[in-house]
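The questions below go through pockets, sheet and single residues in turn. Each answer ends on what was asked for.

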Amino acid sequence: MPKDGSVVRLDGQGKPLWLVLELTYRCPLKCPWCSNPVDYARDETAELSTAEWKRVLREGRELGALQLGFTGGEPLLRDDLEELVADARALGYYTNLITSGVGLSEARLSALKAAGLNQIQLSLQSSERELTDTLVGARAHDLKVKVAHMIKAHGFPMVLNVPVFRQNIGQVEDILRLAEEIGVDYLEFANIQYYNWAMVNRDELLPTREQLQAAERAVQAARERLGDRMTIYFVIPDYYEGRPKACMNGWGSIHLTIAPDGVAMPCQEARVIEGLEFPSIRDKSLAWLWNESPTFRKFRGDEWMSTTCRSCDEKEKDFGGCRCQAFLLTGDAANTDPACSRSPHHHLIAEAIAKAHAPGRRIQPLVLRNDRNSRLLGEGGGTGGGCGAAGRADLAVAVVEPSDV
């Protein structure tokens, strides 16, 4: 896990050390920064069965995968989660549940503990009930805090993951106090990455440099005060650093994601890149997908790099940055990541920041993730501006209507 924005350096020796299973795109929450595809509801392809997921687990271990993340959507919506955890544990994985907490009862915690689950990562969006509930489109804040205490009571190591954006960045100190009260082991302030739903809402979510600097100061003060009692991560945002992060330790290097329909990807966002084909484990073995698939081979090494990247003395540190971000901002995944100040496309980052914070800019409603929005956005629809707002007076939240498209 990144600390201070740095990246764990691992030589996987050609093995997918980190395996992420997106068990479902279904979710009870409607977060407007969700990393799931914006058109997730347009494709009704069935989720993998329990037996298919078990095959993925088995083949993943045969390839050398060690660490496993169960995520989604909301993985607790799968009735077979405990069975899959037990199977993964028997195979020798270190297992991590990445959850919103919705659906995590005492009974399920006990069952997951018995199945051998190692760790839980719980998301929290705010220190305030009203803001959390408005942002996620559900009454979830009190439940999340209750679940956090339950997780600790059951003896799980816990990561409290806080996505950071303009609406909550001023609450860093309050969130730190709440995490201390709960007894969190690891607190991760993760500045959101602008893909999928976050990209749709980028102008409204992007914080200012001054807000980020204030948040970092608060985190550093807490580190000095708490010492070893809590490990605090602050994942640095691409848009303000001048250098890209070493995305996934390099494309197809140590990270392998399986989508709900069995599609294999080098990262959870890779489907945004047009022109790539994404074979499924329903058609090929995991070994073929990892070792032979043109998708995974596409951006391995440095032959694909532009002259800017290939001649850079930092290419072994950042591996050229993020291919998905390069595609979304420039239309070509092989371009130098615009987050890098050496990129000929870096001006696109500066322009995005200026646009998001232009004086007198009209504030637009946040577009919440939901099935209807997913289908409309998947058809190329816009987000509109005249939608009815709900929630806090200073936070407009919208649902896209057909008339807005």
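Q: Which element gives the most residues to the lining of the second largest pocket?
A: This is a predicted model, in which local features need pLDDT of at least 70 and side-chain atom pairs count only at pLDDT 80 or more, while totals for chains, interfaces and linings use all residues. Residues are numbered from 1 along each chain as its sequence is written, and side-chain values use heavy atoms, with hydrogens and water left out. The elements that give two or more residues to this lining are α7 (196-200), α14 (323-330) and α16 (371-378), where helices (H or I, at least four residues) and strands (E, at least two) are DSSP runs numbered from the N terminus. With 3 residues, the element that gives the most is α7.

Q: How many charged residues are in the lining of the second largest pocket?
A: A pocket is an open set of points on a 1 Å grid over the protein atoms alone, with protein on both sides within 12 Å along at least five of seven lines; a cavity is a set where a 1.4 Å probe fits but cannot get out, and lining residues have an atom within 4 Å of a point. The second largest pocket has 34 lining residues, with Pro 37, Val 38, Asp 39, Tyr 40 and Ala 41 nearest its centre. Ala, Val, Leu, Ile, Met, Phe, Trp, Tyr, Cys and Pro count as nonpolar, Asp, Glu, Lys and Arg as charged, and the others, Gly among them, as polar. On that basis the lining divides into 16 nonpolar, 5 polar and, as charged residues, 13.

Q: What is the volume of the largest cavity?
A: The search of the whole structure finds 1 cavity of 30 Å³ or more. Its lining holds 8 nonpolar residues, 1 polar and no charged, including Val 164, Asn 191 and Tyr 240. Grid points are joined across faces, edges and corners, and a volume is the space filled by probe spheres set on the points; for the largest cavity this is about 50 Å³.

Q: Which strands stand at the edges of the sheet?
A: The open sheet of 9 strands has mixed pairing and the order β7-β6-β5-β4-β3-β2-β1-β8-β9. Two strands pair if DSSP finds at least two bridges between them. An edge strand has a single partner, so one side is left without a neighbour in the sheet; this applies to β7 (231-235) and β9 (264-265).

Q: Which residue of β4 is the bridge partner of Thr 99?
A: Strand β3 (residues 94-99) pairs with strand β4 (residues 119-123) in the parallel sense, over 4 bridges. In β4, the partner of Thr 99 is Leu 122.

Q: Is Met 158 buried or exposed?
A: Met 158 lies in strand β5. Among the residues it touches, not counting those up to four places away in sequence, are Ile 120, Leu 122 and Tyr 186; contact means heavy atoms within 4.5 Å. Buried means under 20% relative accessible area, exposed over 50%, and partly exposed in between (1.4 Å probe, protein chains only). At 0% relative accessibility, Met 158 is buried.

Q: What is the relative accessible area of Glu 59?
A: Glu 59 has its place in helix α1. Leaving aside neighbours within four places in sequence, Glu 59 is in contact with Ser 285, Leu 286 and Ala 287. Glu 59 counts as buried, with a relative accessible area of 15%.
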